[in-house]
Amino acid sequence: GGTVTINQTITNLFDADGKLAPMNANPVGSINVQKVPAAAIAAFAPGQEAIVDSLIGNGLNATVDTSMDGADLRAAIQAKASGLESKITAVRQPQSLRVSEGRIALTVTPEMAKALQSNKDDAIELGEATTAIVQLQPIDLLSSAPGKFEMPKDPIKARVTLGDASINLAKAVPSVPGVVGIKDFAADIIAKLAEPPNVAVNGEATLRRPTSDKAASKLNFDAAVEKKGEAFEPTSATIVFEELSVRELEQMLGKEPGDYSLWTGDQGRLSATLAKTEQGKTKLTLQPQLPNLAGEFVAAVDENVVNITGQTSTLNLSRAGLESRLNPEAPSGEAQPGGSGKRKKAAGGQDGSRITVQSDVPMSLAINRIRVPFDMIRGKPFDPTKADINFTLAGGPMRMVMGDGSRANMKDLEMKLETRDISKGLNFALTGKAIAVAEGGEKQPGRIDV
């Protein structure tokens with residue numbers, strides 16, 4: 001199927017010796033291709049029939065217009081199909097070939113997205129069709145022989161933009177059961193084809209819940225991969241969540257309102273950096289900057305073992321969060337003091353048992369070492385003797401008012417947890433100072449030593 005109409009005048013088809021030299025020919029005119037079926041194109045891409053069918057649909061139409069500009073041959077190529085529209089302009093010069101303009105627009109459907117992931121059961125699911133646009137920057141190919149061109153020495157650069165999209169990560173990332181909305185996605189890609197090939201990507205996007213007009217976060221990302229052997233491996237990556245709304249994020253993750261934001265606070269920033277050490281190990285650094293949590297935490301993978309260290313610069317245990325844990329829950333639907341209004345309310349008051357925390361509690365966390373098998377994090381069987389944990393949580397004061405009006409103050413709190421064999425449990429120690437003030441005003445000082 002399909003038709004081809006050629007209207008060309010060809011000169012310079014033979015060289016000075018009278019031999020056929022099609023690569024040096026100068027065709028001037030047009031070539032028009034109409035309704036080329038997807039099956040005909042899929043024959044050149046075995047195993048990619050679903051992708052080709054999604055792009056080509058009822059057929060491909062294309063035109064090639066060529067003209068001479070002095071000694072240069074200029075070609076303008078346009079193609080259009082159900083899910084594809086492209087425009088490429090190229091100029092063949094005596095010693096080089098330049099692609100001066102390249103724009104490709106693709107309609108990405110849920111079926112195409114699944115096919116691109118080899119139809120895996122744990123594939124990321126696209127909610128509805130969206131448009132991806134690739135804008136190429138000029139590319140120069142130097143001639144190595146008549147009609148032959150070398151791979152570009154300079155990196156190939158392109159900008160990719162994506163229309164609004166919603167993706168379901170539940171199968172690929174079970175910890176993210178909700179649907180993630182993506183807006184304003186744009187990325188710059190730099191690909192170096194010379195050995196060793198590598199690709200760098202940096203860009204931005206906005207994350208939101210599809211049912212919410214409020215953004216969960218603005219996302220900035222910067223990543224690089226390099227080919228080693230037959231596969232590409234990541235060499236570095238940085239992801240920064242700017243203007244992060246923890247309340248929006250927790251709902252995107254399928255959590256109840258307040259599960260995270262009650263403790264961390266709502267607005268802030270979170271960065272994650274992946275890098276390779278001089279020894280070739282993978283290192284992940286997390287830097288939260290939230291109202292109640294700020295600091296740096298580093299995780300390094302070494303021979304299937306994860307090593308975690310970290311320290312907080314800010315850690316406040318929120319009054320509302322502590323009260324929700326110190327008091328039994330009331331029936332759902334009542335408002336949570338200091339919360340979002342949808343969490344269960346800490347009960348008390350009717351029987352005088354409610355405990356009130358007077359203010360947030362300043363603390364500090366030091367993770368001296370957490371060394372655990374990677375299988376433990378993945379939920380697989382592991383050797384418990386390989387777990388080595390040691391961290392300290394310290395701070396205060398914590399001021400509480402009991403339901404009967406008496407007060408209790410705790411300060412100089414220090415909690416230590418450690419183990420070198422998790423099958424034997426965690427060694428726990430808690431120390432501090434406590435003062436209880438009865439309703440009549442009598443002080444009863446004491447110490448906490450667990």
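**Strands, cores and a ring pair**

Biologist: Which residue is the bridge partner of G295 in strand 20?

Modeller: In this predicted model, G295 has T312 of strand 20 as its bridge partner.

Biologist: Over how many bridges do strand 19 and strand 20 pair, and in which sense?

Modeller: Strand 19 and strand 20 are paired over ten bridges, in the antiparallel sense.

Biologist: And which residue in the hairpin of those strands takes a positive phi?

Modeller: That residue is E303, with a positive phi near 50°. The hairpin of strand 19 and strand 20 has two residues between the strands.

Biologist: What about strand 18 and strand 19; how many bridges join them?

Modeller: Strand 18 (residues 282-289) and strand 19 (residues 293-302) are joined by six bridges and run antiparallel. They also form a hairpin, with three residues between them. Within this pairing, Q289 stands opposite A294, and T282 stands opposite V301.

Biologist: Which way do strand 17 and strand 18 pair, parallel or antiparallel?

Modeller: Strand 17 (residues 267-276) pairs with strand 18 in the antiparallel sense, over eight bridges. A275 has K283 in strand 18 as its bridge partner. Five residues lie between the strands of this hairpin, where G280 takes a positive phi near 85°.

Biologist: Changing topic: which residues of helix 6 are buried?

Modeller: Helix 6 spans residues 319-326, and its buried residues are A320, G321, L322, E323 and S324.

Biologist: Next, the largest nonpolar core: which residues touch the most other members?

Modeller: This core has 20 residues, and those touching the most other members are L365, V372, L393, M398 and M400. Two or more residues come from each of strand 20, strand 22, strand 23 (388-395), strand 24 and strand 25 (407-419).

Biologist: Which strand gives the most to this core?

Modeller: Strand 22 does, with six residues.

Biologist: Leaving aside its neighbours within four places in sequence, what is L393 in contact with?

Modeller: With that exclusion, L393 is in contact with L315, M363, S364, L365, L413, E414 and M415.

Biologist: How many residues are in the second, separate core?

Modeller: The second core has 18 residues, including L169, V176, V180 and F221.

Biologist: Now the aromatic rings: what does the count of pairs come to?

Modeller: The count comes to one aromatic pair. The ring centres of F185 and F221 are 5.7 Å apart and their planes are at 20°, so this pair is stacked. It links distant parts of the chain, with F185 in strand 13 (residues 179-192) and F221 in strand 15 (residues 215-228), 36 residues apart.

Biologist: Why does F221 count as buried?

Modeller: F221 counts as buried because its relative accessibility is 17%, and the cut-off for buried is under 20%.

Biologist: And F185, what is its relative accessible area?

Modeller: F185 has a relative accessible area of 23%, so it is partly exposed.

Technical notes
Residues are numbered from 1 along each chain as its sequence is written. This is a predicted model: local features need pLDDT of at least 70, side-chain atom pairs count only at pLDDT 80 or more; totals for chains, interfaces and linings use all residues. Side-chain values use heavy atoms; hydrogens and water are left out. Buried means under 20% relative accessible area, exposed over 50%, partly exposed in between (1.4 Å probe, protein chains only). Helices (H or I, at least four residues) and strands (E, at least two) are DSSP runs, numbered from the N terminus. Rings of Phe, Tyr and Trp (its six-membered ring) pair if their centres lie within 6.5 Å; planes under 30 degrees apart count as stacked, over 60 as edge-to-face and the rest as tilted. A nonpolar core is a set of buried Ala, Val, Leu, Ile, Met, Phe, Trp, Tyr and Cys residues joined through side-chain atoms within 4.5 Å. Contact means heavy atoms within 4.5 Å. Two strands pair if DSSP finds at least two bridges between them.
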